[in-house]
Amino acid sequence: MQRFKTMSQPITIYTDGAARGNPGRGGYGVILMSGDRRKELSQGYKHTTNNRMELMAVIAGLKALKKEGMNITIYSDSQYVVKAWEQGWLKNWIKTNFKGGKKNPDLWREFYDLAQQHSIRFQWVRGHADNPFNNRCDELATAAADGNELIEDVGYLTANN
């Protein structure tokens, strides 16, 4: 994965996930911004869910960063992702080892480990509204889901077979 080189400025990350069917083909879109620098990321998957794509978008954005200790604001239209972090659900899920059948523990653990390297704040944005960055992420996510270069979501396959 190509890394996003940043200065010491705050990082803004916009993310979105999409699935054609739930489960079905899916994809994510990410925009990373710092000062006047901007980078777009996307990837499509053969068989996954919308929530997994929303989480994978955040993970892909964080993995693209070259430095630790960054101040990051992540914009997402996923209440699932935003509330899990901002309202502390994720800490409880990890503490109880995702007891009660909480979904996507593989991705939540990966996100949590990456999040420990930075100072992260989430901001919810209304999807498919008037935010051009969220709309662009949606375009990236849906194009990836509809594309020909789909890869396997191994975590989804493992959990559902």
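Two strands count as paired if DSSP finds at least two bridges between them. I kept that in mind while going through this one, which is a predicted model.

**Strands**

I began with β1 (residues 11–21) and β2 (residues 24–34), which run antiparallel and are joined by 10 bridges. The two form a hairpin, with two residues between them.

Next I asked myself how β1 and β4 run. They are parallel, and five bridges join them. Here I noted isoleucine 11, whose bridge partner in β4 is isoleucine 72.

**Core**

Ile72 then turned up again, in the largest nonpolar core. That core has 33 residues, and Ile72 is listed with Leu62, Trp108 and Phe111 as having the most contacts inside it. Helix α1 (residues 50–63) gives the most to this core, namely eight residues. Another core lies apart from it, made of seven residues, including Tyr14, Val125, Cys137 and Leu140.

**Serine 76**

My last stop was serine 76, which sits in β4 (residues 71–76). Why does serine 76 count as buried? Its relative accessibility is 0%, and the cut-off for buried is under 20%. Again leaving out neighbours within four places in sequence, I found serine 76 in contact with Thr15, Glu54, Val81, Val82, Gln123, Trp124 and Val125. I had already met Val125 as one of the residues in the seven-residue core.

Conventions: Residues numbered from 1 in each chain as written. Predicted model: local features only at pLDDT ≥ 70, side-chain atom pairs only at ≥ 80, totals over all residues. Heavy atoms only, no water. Core = buried A, V, L, I, M, F, W, Y, C linked by side-chain atoms within 4.5 Å. Buried < 20%, exposed > 50% of the residue type's maximum accessible area, 1.4 Å probe, protein only. Helix = DSSP H or I, 4+ residues; strand = E, 2+ residues; numbered from the N terminus. Contact = heavy atoms within 4.5 Å.
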